Amino acid sequence: MTGGIPAPREGGAAFTGQGAGEVTAGETGAAPSLRHEVTLTRRGTHEVTFTQQGMWVTEQAVKVGTAYHMPLLVHLNGALDTGALLAACAAVVDRHPMLRDVVAEVDDELRLVPGAEIPVRRATGSPDGSPSGSPTGSPVGSPSGSPTGSPDGSPSESPDGEGAAGVDAAVREEILRAFDLEHGPLARFTLFETGPGRHLLVFVAHHLIFDGQSKDILVRDLAAFYNGERPSPLPEIDHGRSERDRVAAMLPAAKEFWAPRWRDPGETVLLGRALRSRRAGGGRVLRLTADPSVPGLTRFEVLLAALHVLLSGYGNAEVTTAVDLSTRPAEAADHIGLFVNELPVASTPSPEATFREFATGLRAELRQVYRFRQVPLTRAMPRIRPHAALVPVSVSYRTRHEADPVFTGLDASVEWTVFNHAVRGALHLQCVDGPGGLTVSLRHDPEAVPDAPRVADDLRLLLERATHDPDLPLKEILNQILE
């Protein structure tokens, strides 16, 4: 599995908007060809997780568009060994069988089975000699942390001018291109040549087989294989089966915990508008940077507390947001897959409480919720109907402790929070706290939240006030930013 990496067959065709050179993981020799017609070899051997089951049912029941698409961009500048990179892509697929899988009904149960081969496409300059593209996604934010970004998440201004604008449309197309959930593949690689000595690797996966931490694992392993390293073999795990054992043991206590806490969410008021949307649809994005540091609290706890305080200031006496919590067990630390559970967190911010007092109380409630992070809410409260979002406002947050992986001989950088041009619910904050600071991608339904720039500004200001003096009463903080 982790032996030598043979050179792939390269496509080499120029990108014209109608196709490009393509190889598949199976063609490189790094992995056997696994086509849909031979998927019986693993049928029934791996159970889906509860989250995969819920996501698959949601995909069948409601329209979610690209809300479950998870894109990742790797910029590679310098003398790229294209053959080594494409072989590294194939080696990553071979190392992580989950990337090949689809969810299928087998004997009236949902199972993970191998799907179609994963394509590794090459897209080069257009025939007229101009590059056919530029990076996609919105700006990361200004140095001051002010919200930035164009309405659709595209760059406001390309650093390379008009000549680089073409790939933006091509990359956007890669992100928006639908997945075949029945046959697969549920992941794809595309390598764009954006100019002399400049390449952009676009990876897109469906959330059914991929989560936020999987991004770090994929890029880390990709760099290792490109550099000629051989990562240690991974043990095979059946997370679905082991998860069911853990959930069964915790379910009685989880039911008792959620019974007095959960009720079907009503509306969330945001700048005079009532948010009810729990669907998925086209979205827009704004980005801001922040440094939410308060002694005795994690940065996530400070950010979530600030969001709850802001929502209370908008007129919500009771605040409920959803948070994505990792369910990844220790044995799956290096595995690509879906290890996430979305759970609600509720609060009733008191205007008289200081920010520190409120955030400390919210921290205590979070610690209670964490005890049952392995148990999907739909198992504890089985009457919940499928929705793309649990509540109208949600948060996902992950911490990156290491710098971007090194690709030998190249100047490489990674865009970790690329916009998928969709949103679950009315407002979703996707946050990555890395060595360069905290970046918040504020994704929103433009019809439900037309005043998103104001929301982003208010949140940024609230974080500044709260972290500067966390012992201010909430009413004073809100008066300062909402007056």
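Trainee: How many bridges join strand E14 (residues 393-399) to strand E17 (residues 427-434)?

Mentor: Strands of a sheet pair through backbone hydrogen bonds, either parallel or antiparallel. Seven bridges link E14 with E17, and the two strands run parallel; to count as a pair, strands need at least two bridges found by DSSP. Within this pairing, Arg398 stands opposite Val432 of E17. Please note that this is a predicted model, in which local features need pLDDT of at least 70 and side-chain atom pairs count only at pLDDT 80 or more, whereas totals for chains, interfaces and linings use all residues. Residues are numbered from 1 along each chain as its sequence is written, and side-chain values use heavy atoms, without hydrogens or water.

Trainee: In what order do the strands of the open sheet stand?

Mentor: The order of the six strands is E11-E18-E17-E14-E12-E13, with mixed pairing. At the edges are E11 (284-290) and E13 (340-347), each of which pairs on one side only. On average, neighbouring strands of this sheet are turned by 20° against each other, direction ignored.

Trainee: Which strands does helix H6 (residues 299-313) lie across?

Mentor: Helix H6 lies across E11, E12 (319-326), E13, E14, E17 and E18 (437-444), and runs at about 160° to E12. Helix H7 (residues 355-370) also packs on the sheet, where it touches E12 and E13 and makes about 140° with the direction of E13. Such angles, from 0 to 180 degrees, compare N-to-C directions of lines fitted to C-alpha atoms.

Trainee: Why is strand E6 (residues 187-195) described as largely enclosed?

Mentor: Eight of its nine residues are buried, so the rest of the structure largely encloses E6; buried means under 20% relative accessible area with a 1.4 Å probe. Strand E5 (residues 119-123) is joined to E6 by four bridges and runs parallel to it, with Arg122 partnered by Leu191. Eight bridges connect E6 to the antiparallel strand E7 (residues 198-206), and Ala187 has Ala205 as its partner there. E6 and E7 form a hairpin with two residues between them, and Gly197 in the turn has a positive phi of about 70°.

Trainee: Which residues touch the most other members of the largest nonpolar core?

Mentor: In this core of 69 residues, they are Leu85, Leu99, Phe189, Phe203, Phe210, Leu218 and Phe407. A nonpolar core joins buried Ala, Val, Leu, Ile, Met, Phe, Trp, Tyr and Cys residues through side-chain atoms within 4.5 Å. Beyond its neighbours within four places in sequence, Leu99 is in contact (heavy atoms within 4.5 Å) with residues including Val92, Ile118, Ala187 and Ile336. Another core, of 68 residues, lies apart, with Leu297, Leu429, Val455 and Ala466 among its members.

Note on methods: Buried means under 20% relative accessible area, exposed over 50%, partly exposed in between (1.4 Å probe, protein chains only).
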